[in-house]
Amino acid sequence: MDDLRDQSDFAPRDSTESFVSQFARSEFELRSYILTLLPHWADADDVLQRTSIILWRKFGEWQPGTNFTAWACSIARFEVKNFLRTKERDRHYFTDELVESIGDTRAEMSVELADRRDALRACLQKLSPRDREVIDACYAHEPILAKDAAVKLGRQVNTVYKALIRIRRVLFECIERSLAAGGRS
Amino acid sequence: MSTPAAYQQQIVDWTSALLEGSLLAAEREKLTTALSSDPSARQIYVRMVDLHASLARLLGSPARQSTDALIEQSASDAVTLSVAPAAARMPRGFFTGELPVGVLVATVVLGAFWGLWQAFVLLRNRADAQIAANITSQENVTWSIPPVSASDADVHLAQCRAGEALQIAAGKLELQLTGGTRLVVDGPAKWSIDGANVATLTQGRLVAKVPPQAVGFTLNTPQAIIVDLSTEFAVQVDASGATNVDVLDGAVDLHQAAAGTNAVPQRLAVGQRARVEHGIVSVDGKPTLPGAGEPVRAAGSSFKQWKRHRKQLARDPQLVALYLFDEELPNSRRLANRASATGDALSLNLDGADVITTPTIAAGRWPEKSALRFDGEKQQRLILPSHASLAINGDLTIMWWMNAASRQVGPRTSIVSRGAKGESQSVNYLYSLGMEEGRLRAFHESGRGVDHTVLGSGTYLAGQWVCVAMVRESRPKRYTIFENGRVVGSGEYQANATGGTDRRVRTGIGVAEWGMGAEYFTGLLDEVAIFSRTLTEPEIKTYYELGCAEQP
C-alpha cells in the first residue's frame, strides 16, 4: 500500500489532459464495477472518489495503449478491499473472497454489459407512464431509496418499494429477451 | 440462459432488495451462498447491479449527464473531448463560416480550456469530499509533502484528504480525524489518513489519543496493524518498517500486517511495549509465537482501568444517561447520572417521588463497587426523570450488566424501557429492552401500536454477571443483541419507532412494560448506559472486556 503514497507517484502536471480524457471515458464502467463489489451507492461513491485520486497520482505508471479501464478497475478492487478491511466485522459487506470472485466475473462481462446497456434504453421506452414515474423518482438525481421516492411521489412506501423491485425485474427480463432476439436474428 | 427462470428471478429480486438495503438477513445469507458457489448466480447479480448503475446514468441529474456526455465522446484527444460540451450550447450556425476564422480559433481554444477546467473542478470537488482529518496545530514543521489543500504560504489548519501521502522532515503537528481520534506526529515522518478512523504510518513516530466514539481506530504500519480499544498509544516505525508500540493507557490489539486482522491478535495493556520485526512479535522484550497472543489484562488495578474507561465514556456527546450504582452508595440515596451531555437533569433520588419502590443495595461484580438488587415480587423499579433526550426514536444503544436470579423464562421482563400502557401513536413504546421466555429481547412500536420485536438467538446466562448490549440501527432497520461482547441475535424490523409523546410515557429501569402485569426484573443490575447512537462491535467488545471483573 505504501507504494501508492510515495511522492514519486504524483502525476506530472502536463499529463492532466490525458488523464481527464481517460478517466471521463472510464468513469461509468469504474463506478459500475465498484458498485458490484460494494452494492451500496454511498460506499461505492466513497471508494470511487478515493480511487480517482489514486489513479491521478499513479497515472504516470499507466502505459498508453493499454486498457485504462482495466488498470483503473484493478486499483479500484484494491481500494474496495481496503474499505472492507475497515468493515470486516460488518455482515452487510461481502468477504474478500467473494469480492475476488465477483470482480473476476465482472471483468469477463464487459462486452455483454455494454450490449445490455444499449438494450436498456429501448426497454425504458416500453414502460408504462406510471412505472416510468416511479423509476424517474428513484433515479432522477443520485439514486434514492424507495422510501424516499415514496415521499416524493406521495405514495405508500410499500407500494413504491414493490413497484421498484417489479420494474427492475421487468427491465431485466426485457433486456434478456431483447438480447436473445438479437442473437437469433 | 441455462439458468431456470425462477432461480434467476430470485437472484434478481434479492439483488434488487440488496441495492435498496432491505434484504433480510436470511435472504442475504442465501444470496451470499449462491454468489459464492454458483458462477451463473454471480453473472445474474452483476447484470442486475449494472442495470442499477445504468439507470442512474440514463435518468440521472444533468450534472452527471454532462459527465456522461464526456464519456460518450470517443474523441482521441482532450481538446475535442472538451470542446464538445461547450459547442453544444452554442447557437446553430456558429461553426458554419459566418464568423471570422480568428474568432473561431480563439473560441475553440477558450472552449478547450473551459472544458478542461470543468473536468478538473469535477475531480477536485470529489477530492474535497474526502476530507479525513484537520491539522489542528503545528510546531516548527518542515513539510516535505504538504496536504494538497494547503496554500504555499500557510499550511496551518489545512485539511488532509483520505489516502493523501504526507511527509514532514521536522517538527511536530497534531491532527484530528473526522472519527474523533487525535494524532500527534513527530518529524521526520511519513503517513496518510486513510479514512475517518484509519491511518497509515510508514515511517516516524506518532501518538494516538482515541476517544470512546472512535474505538476501533486502526493504525497500519508496514509490519503491523494496531487496533485501538479506547486508549492512548505511541507508535514508532523505523526505515525498515519495524514497528514499536507503547500502550500509554487502555489497551490495543496488535496484529502482524502479513497475517491480517483475522488472525488472533496480541492484546497489549497499559504499560506494555511490543515490537514487530521480520514477522516476530516481542512483548516487553520477550518474543511471542506469531498469532498466539492471548488477551492480557491490564497491569495494575483492573478496576482503576475500568473506571478510566467509564470516565472517557461519560464524555461521549451521544451518551444520554449513565448510572454507575457505585460511588454514591451506600452513603447517599442519590443516583447520579454520569453522562456529561445531560448531567444532573437525569440524576434521581432513591427516596424521591421518581422511585416507586426502592431497589436495595448489594455487592457488585467488583469488590470496589456495589450494584442494585431488584426483587421482582416487590415490584422494585426506578423511574427516570422526564427528559426529552430519552425520547429516542432512531439509533440507540443500551448496555447494562446484570446478574439475573434465574433465566426468567416466564413473561416479558424489561430492563430499560420507555413507554406506557396503551397502544396509540401518542403512547407507543419507543424502546423496551429486556427478556422474554429466557431470551434477550428488543422491542418497540410504530404507527398506532404496531410491534417490532427481535429476540436473541440463544439463552442468556443466569446466576452470573453478564454484559448485555442492544443496538438499534435505524438505517438499515436492525437490532443487534450482544451478550458478553458477542452477537447473540440480530434481526431487521419493518418501521422505526414513532410517537411516544403522551405525558404518561416514561422511562424506567428494572421495570416491566407498564401496566402489563407483574413483569419485574429479579436480580442485580449495574452500570446502565443509554446512547442515542449505535455503538460498534469493537466498542461493545471493549466495554465488556475492560468491564468484566473476571478475565474474559
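This is a conversation about how some descriptions of this predicted model follow from its computed values.

Reader: Happy to start with chain A. What makes up its secondary structure?

Author: Eight helices and zero strands. Read along the sequence, the pattern is α-α-α-α-α-α-α-α. Of the 185 residues in chain A, 52% count as buried.

Reader: Why is Leu179(A) called partly exposed?

Author: Its relative accessibility is 29%. Buried needs a value under 20% and exposed one over 50%, so Leu179(A), at 29%, falls in between. Leu179(A) sits in helix α8 of chain A, residues 157-184.

Reader: And what does Leu179(A) touch, not counting residues up to four places away in sequence?

Author: Asp115(A), Arg116(A) and Ala119(A). As for distance, Leu179(A) and Asp118(A) are 61 residues apart in sequence and 9.8 Å apart in space, C-alpha to C-alpha.

Reader: Let's move to chain B. How do you know that the length of helix α3 of chain B agrees with its number of residues?

Author: Helix α3(B) covers residues 39-59, which is 21 residues. At 1.5 Å a residue, they should span 30 Å, and the end C-alpha atoms are 30 Å apart, so the two agree.

Reader: What makes α3(B) largely enclosed?

Author: The count of buried residues: 17 of the 21 are buried, so the rest of the structure largely encloses this helix.

Reader: Which residues have the most contacts inside the largest nonpolar core?

Author: Leu30(A), Ile34(A), Ile135(A), Leu171(A) and Leu55(B), in a core of 76 residues. The element that gives the most to this core is α3(B), with eleven residues. Leu55(B) touches Leu120(A), Leu124(A), Ile135(A), Tyr139(A) and Leu171(A), as well as Gly60(B), leaving out residues up to four places away in sequence. As a general point, nonpolar side chains tend to be buried together in soluble globular proteins.

Reader: Now a charged side chain. Why is Arg533(B) called buried?

Author: Its relative accessible area is 10%, and the cut-off for buried is under 20%, so Arg533(B) qualifies. Arg533(B) lies in the loop between β31 and α8 of chain B.

Reader: Which side chains make polar contacts with Arg533(B)?

Author: Asp316(B), at 2.6 Å, and Glu539(B), at 2.8 Å.

Reader: What makes α8(B) mostly covered?

Author: Nine of its eleven residues are buried, among them Glu539(B), Tyr543(B) and Leu546(B). The elements covering those buried residues include β11, α7, β22, β27, β28 and β31 of chain B.

Reader: How do you know which peptide bond joins Gly187(B) and Pro188(B), cis or trans?

Author: Omega is about 0°, and the bond is cis. Pro188(B) is in strand β4 of chain B. The bond from Arg475(B) to Pro476(B) is cis as well, with omega near -5°. Pro476(B) belongs to the loop between β27 and β28. In general, most peptide bonds are trans.

Reader: What is the phi of Asn140(B), and what is that of Asn484(B)?

Author: Phi is near 50° in Asn140(B) and about 50° in Asn484(B). Neither residue is a glycine, and most residues other than glycine have a negative phi.

Reader: Why is Asn140(B) called exposed, and why is Asn484(B) called buried?

Author: Asn140(B), in strand β1 of chain B, has 71% relative accessibility. Exposed means over 50%, so Asn140(B) counts as exposed. Asn484(B), in the loop between β28 and β29, has 17%. Because that is under 20%, Asn484(B) is buried.

Key: Residues numbered from 1 in each chain as written. Chains lettered and ligands numbered in written order. Predicted model: local features only at pLDDT ≥ 70, side-chain atom pairs only at ≥ 80, totals over all residues. Heavy atoms only, no water. Helix = DSSP H or I, 4+ residues; strand = E, 2+ residues; numbered from the N terminus. Expected span 1.5 Å × (residues − 1). Buried < 20%, exposed > 50% of the residue type's maximum accessible area, 1.4 Å probe, protein only. Core = buried A, V, L, I, M, F, W, Y, C linked by side-chain atoms within 4.5 Å. Contact = heavy atoms within 4.5 Å. Polar contact = N/O pair within 3.5 Å; in protein donor to acceptor, adjacent residues only side chain to side chain.
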